[in-house]
Structure formats: C-alpha cells, structure tokens
Amino acid sequence: MNLDLRLSLPVAAAWLVAVVVIGVPGWAPAVAIALWLAAGALIAGALLSQRRFFASVALGCALAALCSTSVAVHAETRQPEALGELAAKHTTVTVIATTTSAVRDSADFFQATITTLEADGESIQLESPALIFTERSGFGGVDAAPAAPKPALDTSDGDREPWGIGVTFTVTGTLASTAPGDGRAVLLFATDAPEWRADPDWQFDWANQLRRTFATATSSLPGGGGELLGGLAIGDTSAVSDDLDAAMKTSSLSHLTAVSGANCAIVVGLIMALGGRLGAQRVVRIGLSILVLLAFVIVVTPDPSVLRAALMATFVLIALGSGRPIRGMAVLSLATIALLVVDPWLSRNFAFVLSVFATAGLLLFAEPLSQSLGRWMPRWLSLVIAVPLAAQLACQPVLLLLQPSLPTYGVLANMLAAPAAPIATVVGLAACVALSVIPLIGLALMWIAWLPSAWVAAVAEFFAEAPWARIPWWDGWVGVVTLSVLTALLLAALVASGVWRAHALRLLAIATTCALAVVAGSAVSAAVTWPRDWQFAQCDVGQGDAVVVRSGGTTALIDTGAEPELLESCLERLSIDHIDLLVLTHFDHDHVGGTETVVGRVGAAVVGPVSSPEDEAVLEALAAAGAAVTEVHAGDRGQLGELQWSILWPTTQLSGIEPGNDASVVIEFRPRPDCVEQCLSAVFLGDLGESAQARLTAAQTFRPVDVVKVSHHGSGDQYPALYTELKATLGLIGVGAENGYGHPTADALAMLDDAGTAVARSDLSGLVLVSPTRRAGVVSLWSERGAAVSH
C-alpha cells in the first residue's frame with residue numbers, strides 16, 4: 001500500500017469515529033474503552049504475525065480511541081446539563097464571557113467563551129464556547145470602554161472602536177441549545193447591549209491594535225481591492241461587502257481570504273531566508289520562525305484552518321531541525337489528528353474540513369495531475385492548472401453540502417487570481433506591521449498591495465457575472481456521492497495509464513452522461529410540473545423571509561429577505577414585475593434587506609412601527625418611488641384580488657413592547673365571499689416571540705388556516721397554543737442552510753408536528769409554491785428540489 005495512504009487512512013477512520021461520537025456524546029466512554037481494547041488486541045496480532053495491515057488498523061483504533069476519550073473528558077465541561085435546562089425554560093441569564101472573534105458594531109453575532117453564568121440567583125462556572133447573537137440590527141454600537149474612560153480604550157472623543165479578541169464582557173439574554181455535534185455549546189440571544197469588564201491580556205491586545213490600525217488604513221482604499229486586502233493579508237474579511245463576498249464564493253475564490261498553509265509558508269520562508277542571509281544558525285532561525293509563526297497566528301486569529309496550517313508549519317520546522325525527511329501527508333496527518341484529539345468538535349467544522357481536504361488534494365493530486373496534463377501542454381502551464389484543479393476536486397463534494405451547485409469557471413478564475421494573491425499577502429502583511437511602526441512606509445506598502453488585491457476582486461466579479469457562473473447540482477448526500485464518484489473517475493482518467501486509463505475514461509463518459517441526463521430530466525420535470533395556479537410562493541432568500549401572495553391578477557410580497565440579488569432572482573422566476581401590496585413586518589435586515597429590489601415597483605406598502613433613521617430611509621425610498629406607505633395596526637383591512645387581508649398585530653398601544661420582533665406586523669389572508677376558484681387562507685406571523693404570540697392569542701379568536709408562515713424562522717421561542725388554534729395544513733419556514741442560529745429548532749418542528757402542520761423549509765426545498773386543491777384542508781405543494789406532492 002502507498003505510504004501516504006497508510007498514513008492517512010488511520011486518521012480518516014479516527015475522524016469518522018469522532019464525527020459519530022460527538023453527535024452522541026453519551027457513547028464516548030463505551031466507544032473509547034472498546035477501541036482501546038481493539039487497539040491492544042490488534043497490536044498483539046501485529047507483533048505475532050508481523051503484518052502491516054494489523055498495525056495500520058491498530059493505529060486507526062488507537063487514534064479513534066484518543067478522540068473518543070477526549071469527547072468523554074470534555075463533554076460535560078463544554079455543555080453541562082445546567083445549560084440545557086436553562087435553555088429549555090427560556091430563563092433569562094447573565095453571563096460573563098470572553099470574545100474569541102472580533103466584534104463589529106453591526107455584527108449579527110460573534111464567538112465567545114462563557115466563563116460564568118448567573119441565573120435565578122445562582123452562579124455556575126463554565127468553559128463553554130458560545131455564539132452570542134446581538135440585539136435587533138446589532139448592538140447599535142459596542143462601546144469599546146466602560147463609562148469611566150481608561151487610557152487603553154479612551155473614547156472621550158466620541159469614537160467607538162470594535163472589540164477584538166480576548167475582551168471580557170457581561171451580557172444578558174436567553175439561551176438556546178445546540179446539537180451535540182455543534183462546535184458551540186450554546187446560543188445566547190442578547191436582550192441588552194454588552195457591558196465591558198476587562199481588556200484583553202497583553203498577548204492579544206497588541207494584535208487587536210495591529211488589526212485595528214490596518215483595518216482603519218485600508219478603509220480608505222477604493223473598490224474591491226480595498227475590501228479584500230485585509231482578508232488577503234491577515235484573514236480579516238470584515239470590510240468585504242455582501243456583493244463581493246458573493247462574487248468570491250461564486251467564482252471559487254473565497255479561499256484566498258482564508259489564512260492557510262500558503263500564508264504560513266510565506267511567513268516562515270521569509271524568516272528562514274532572512275536569517276540565512278544574516279548568517280544565523282539553523283536552530284536560531286527555526287526557533288525564531290516558530291515564535292514569529294505564533295505571533296502570526298495571534299494576529300490573524302486562531303481559526304481552525306489557521307491552526308492546521310500553523311501546526312503543520314511547526315512540525316516541518318521541527319523535522320528540519322532534527323534532520324528528518326519531510327513527507328507532506330505525514331505532516332498533515334499528524335497535525336490533523338493532534339487538533340482532533342485536542343478538540344474533537346473540529347471534525348464537524350466546515351472550515352477545518354475544507355482546509356484539510358484542500359491540503360490533501362494538493363499533496364496527493366497536484367503533481368500527478370501536472371504530469372498528466374504535461375503530455376499536452378508546457379510544464380509551467382500544467383502546474384498552474386493542476387494546483388487549483390487538485391484543490392477544487394478534493395473540496396467540491398464537501399462544498400456541495402453548503403451550496404448545491406458547481407462553479408463553472410472556478411479553475412480558470414483561480415489560475416488568473418492565484419498568482420496575485422501571494423503578492424498581496426506578503427506586501428499587505430508587511431504594511432500591517434509597518435503601519436504601527438513607520439506609518440509612511442506602511443501606507444506606501446498598503447497601496448502597492450492594493451494593486452494585486454484589486455486584480456483578485458476584478459477577477460471574482462468578472463466570473464461571478466459571467467453566464468452560467470454556477471451549474472445546479474443535486475443537494476444532500478445524493479449529490480455528494482454522485483460527484484465523488486465522478487471525481488474519482490476523472491482523477492483515474494487523468495492519472496492512470498494504459499488499460500486502466502481506458503476503463504476509467506469509459507466509466508467517466510457513462511457516469512457523466514447519466515448524471516447530465518438526470519439533471520436535464522429534472523429541469524424538464526420542473527418545467528412540466530410547475531403549477532400555474534399557485535397562490536403562495538416562498539422564495540429561497542437564505543436566512544430571511546420573502547413570501548409572495550397572488551390572487552386575481554394582483555400580487556403581495558411579505559418581507560424582502562436580506563439579499564437583493566436572491567429576491568430579484570425569485571421574482572424573475574415567478575414573472576413578477578409589479579407588487580400591488582408590500583408588507584414589511586418589521587425592520588430587521590433579514591426582512592427588509594432586499595427592499596431595494598422592489599423600489600419603484602410597489603403600489604402600496606404597509607409597515608410596522610419605525611424606530612430608527614435607517615427604518616425611515618427604507619420607507620422614504622419607497623415613497624419617493626411612488627409607493628403609498630402606511631403604518632398599520634390591528635384592525636386595519638384591505639383587499640388583494642379575491643382575498644381580504646386584515647392586520648391582527650400590533651395593537652395601537654404596545655405596552656412593554658419595543659419596535660422589532662415582538663412588534664412584527666401579523667397579517668391574515670382570507671377568501672372573499674365572491675372567490676370564484678378555491679382560495680387558500682394564511683397567517684403570517686413575522687418574528688413574534690413566545691410572549692407576544694401569547695398576547696396575540698389572547699386578543700384574537702383564530703379560525704383554522706391553510707398556511708401559516710412560522711414565526712422567527714422556526715426558532716424555539718414559540719407559543720404552541722397559537723399553532724394548535726390555527727390548525728394550519730402547511731407551515732412555511734424561511735431559513736438559510738447552516739444558518740448558525742440552529743433554525744428551525746427541534747422543539748419548533750415537534751410543536752408543528754403536534755399541531756398537525758406539515759413543514760416546507762426553504763433551506764431544504766428551495767423555492768416552494770403552494771396551490772389550492774378541490775378538497776378542503778388539502779393544499780398542493782411544489783418545490784424546486786422535489787416533485788409535487790399533496791399534504
């Protein structure tokens with residue numbers, strides 16, 4: 001067996017065991033004991049029989065046992081039972097936590113580690129990673145210092161600086177549980193702005209200041225080059241706009257802004273080369289490289305991909321110092337298993353998975369692909385193609401789980417952009433350091449680094465706007481397995497020789513033809529089965545709401561999602577160019593972010609309470625383009641074709657409720673008496689929380705409806721009695737894949753099941769069309785990712 005495979009297979013086996021065990025942490029002790037016993041037996045067998053196979057399997061069992069033992073040791077510390085109990089009760093808690101990611105004023109959420117939790121007069125000491133969700137539209141402004149100014153974070157001039165890593169703070173909110181395999185132990189939804197408690201320790205504070213200075217300086221750079229430079233140099237993507245981020249992902253260039261092995265290699269290479277020029281001994285150069293590498297990790301923040309790259313670089317330096325030969329897969333395997341043993345939850349972290357897979361792809365496939373392509377082209381060109389192709393082939397099956405489509409121009413875009421990225425990285429990193437030491441030199445270097453950064457941005461935007469930038473593919477494990485088979489056959493066809501290459505080409509041709517036939521057949525089937533009498537259309541706009549209501553030649557749109565491009569795409573598919581009635585339930589970004597798409601196309605708009613200049617600006621833009629804008633309250637009514645709509649919430653006097661989720665407009669659609677065809681009824685609940693839902697239920701008498709738009713994307717903050725009273729046939733949930741909020745929660749789905757309500761989720765079903773049938777209480781459901789069915 002190939003040495004690289006003998007090194008990687010035991011690690012892969014241990015990884016798979018870790019994925020399973022962290023999903024059911026209660027199994028960890030028993031699995032660990034069983035694997036330790038198996039490893040011991042196999043080692044004995046290997047010594048007696050002297051067979052390498054037994055030794056490899058024994059190593060796999062031992063590594064898996066290490067991961068399982070780590071889960072067993074850390075499970076209770078990461079996610080104690082007390083957290084789950086508090087989350088189930090929706091208890092308001094106050095936590096003391098430390099940031100593990102930088103925090104921007106407009107951030108929707110950030111990472112932190114909870115160290116102390118106070119609830120019901122009791123204090124619990126923890127060490128649990130958490131995701132802290134901000135208040136509506138962010139915290140507004142995260143004060144960088146307490147009320148009493150202090151020299152380190154003086155805000156007497158009125159400016160507010162974003163928090164960096166290592167800031168200790170206090171925040172109040174409610175908890176939500178995560179799945180056992182989630183890297184975060186708990187989600188905390190803040191109800192108040194956080195309060196500063198302590199600055200970071202010195203080892204983090206200097207890095208925060210360095211990043212802050214660089215971010216401030218690069219904010220003056222124009223265009224996409226300025227937005228990208230922070231990501232290319234130090235992995236700080238906070239300045240990247242949503243449009244540019246989408247373009248980078250569409251063109252498969254987003255990995256360039258994630259710090260990886262290339263960045264670490266550049267840093268270490270520069271130190272080793274500079275030390276060699278100065279005549280320093282190898283041991284000194286290696287020691288200095290490790291120290292600089294540690295500082296680099298702190299500056300760019302210790303994300304999973306960064307830790308993997310830095311650990312690999314450290315192992316390479318140690319091997320150099322000891323005079324041992326260096327094998328790439330051995331180093332990758334050792335770094336991977338070391339990180340998985342320390343933190344088994346990384347086994348389900350997509351950033352870590354993609355980092356390892358991309359590196360393995362380069363180590364295993366880049367050279368064979370280059371040699372194969374070298375038969376038809378110059379050596380330099382074959383290398384330029386082989387490197388991005390190897391990484392793309394290794395990562396694409398995993399990427400399908402995040403986005404079920406294939407990048408048409410991914411390899412070509414990387415060929416054009418990748419040569420510029422190292423220049424931007426090296427010069428940008430030098431600028432980052434120089435700005436804090438010799439600002440004039442730092443500014444000059446920053447502008448030099450802007451040139452290659454702007455080139456990368458231009459390449460991303462060009463290919464993102466090219467026709468057929470991405471090819472639709474099956475989502476879920478069917479798509480992953482299919483693409484994995486095609487990838488294996490493609491690699492075999494390119495790398496193998498003789499009769500094996502011929503067989504691989506034949507199988508690849510057959511498999512590709514079958515796959516294309518099924519894809520084409522699915523497209524034809526979708527066109528044929530598309531219902532012409534649909535009444536409700538739930539657009540797939542990611543983590544947000546946008547539902548179209550159609551009746552009698554008129555159209556209403558309930559919320560606009562967060563991304564204008566996604567809403568525009570949906571409206572084009574539905575052939576809608578005019579909105580008779582726009583309903584903005586409230587002004588959170590995931591409900592109004594796409595409003596610019598429909599400005600100038602709206603006849604009338606009804607909205608909930610306004611609370612900020614940003615809210616006013618949305619309405620002013622609609623009104624200036626000709627829309628009649630009205631703030632509505634319970635009791636307001638109107639007509640939409642053969643439907644009558646009525647506002648059920650908010651009431652005129654909202655005692656104790658601020659504008660936001662709990663003041664969401666709740667609108668009901670009912671058939672008018674003169675409805676000719678079968679018309680469906682629906683209630684849209686906005687983002688009402690449990691307490692507001694309870695007040696709504698007490699204030700209204702509900703009749704059963706055909707469709708309910710489930711509140712707050714299926715969060716756990718629900719009032720089951722409301723859904724029981726509505727008795728909806730179908731519940732629509734607008735939710736983004738891998739949204740980080742845990743939406744929809746298991747509790748919400750169970751509640752809908754208890755109420756007899758079927759569920760259509762935009763993350764699983766994509767675009768959903770709901771049509772009436774001739775049977776009362778039955779609707780027809782069509783989704784772009786499945787055949788038409790009835791519920």
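Entry 1: a cut-off first. I call a residue buried under 20% relative accessible area, exposed over 50%, and partly exposed in between. I looked up Arg379 with this in hand: its relative accessible area is 42%, so Arg379 is partly exposed. I note here that the model is predicted.

Entry 2: the partner of Arg379. I find that the side chain of Arg379 meets that of Glu367 in a salt bridge, with 3.2 Å from N to O. Arg379 belongs to helix α13 (residues 379-399) and Glu367 to helix α12, so the bridge ties together parts 12 residues apart in sequence. I also looked up the cover of Glu367, which is partly exposed because its relative accessibility is 35%.

Entry 3: the whole chain. I count 25 helices and 24 strands in the protein chain. I then looked at contacts with a separation of 6 or more: 66% of them join residues 24 or more positions apart.

Entry 4: charges. I have 41 positive and 69 negative charges in the protein chain, and their mean positions lie 14 Å apart. The structure holds eight salt bridges.

Entry 5: Asp343 and Arg78. The side chains of these two residues form a salt bridge at 3.6 Å, N to O. Asp343 sits in the loop between α11 (328-342) and α12 (350-373), while Arg78 is in helix α3 (residues 52-78); the two are 265 residues apart, and the pair links distant parts of the chain. Asp343 has 23%, so Asp343 counts as partly exposed.

Entry 6: Glu784 and Arg573. I looked up this salt bridge next and read 2.9 Å from N to O between the side chains. Glu784 lies in the loop between β23 (779-783) and β24 (786-790), and Arg573 lies in helix α19 (residues 564-573), so the bridge ties together parts 211 residues apart in sequence. Glu784 has 31% relative accessibility and therefore counts as partly exposed. Arg573 is also partly exposed, because its relative accessible area is 38%.

Entry 7: Leu232. Leu232 is found in helix α6 (residues 223-234). Its relative accessible area is 0%, so Leu232 is buried. What is Leu232 in contact with, leaving aside its neighbours within four places in sequence? I list Leu256, Thr257, Asn263, Ala421, Ala424, Thr425 and Ser453. I followed up Ser453 from that list: the C-alpha atoms of Leu232 and Ser453 are separated by 7.4 Å, although the two residues are 221 residues apart along the chain.

Note on methods: Residues are numbered from 1 along each chain as its sequence is written. This is a predicted model: local features need pLDDT of at least 70, side-chain atom pairs count only at pLDDT 80 or more; totals for chains, interfaces and linings use all residues. Side-chain values use heavy atoms; hydrogens and water are left out. Helices (H or I, at least four residues) and strands (E, at least two) are DSSP runs, numbered from the N terminus. Contact means heavy atoms within 4.5 Å. Lys and Arg count as positive and Asp and Glu as negative; His and the chain ends are not counted. The place of a charge is taken as NZ of Lys, CZ of Arg, CG of Asp or CD of Glu. A salt bridge is a side-chain nitrogen of Lys or Arg within 4 Å of a carboxyl oxygen of Asp or Glu. Buried means under 20% relative accessible area, exposed over 50%, partly exposed in between (1.4 Å probe, protein chains only).
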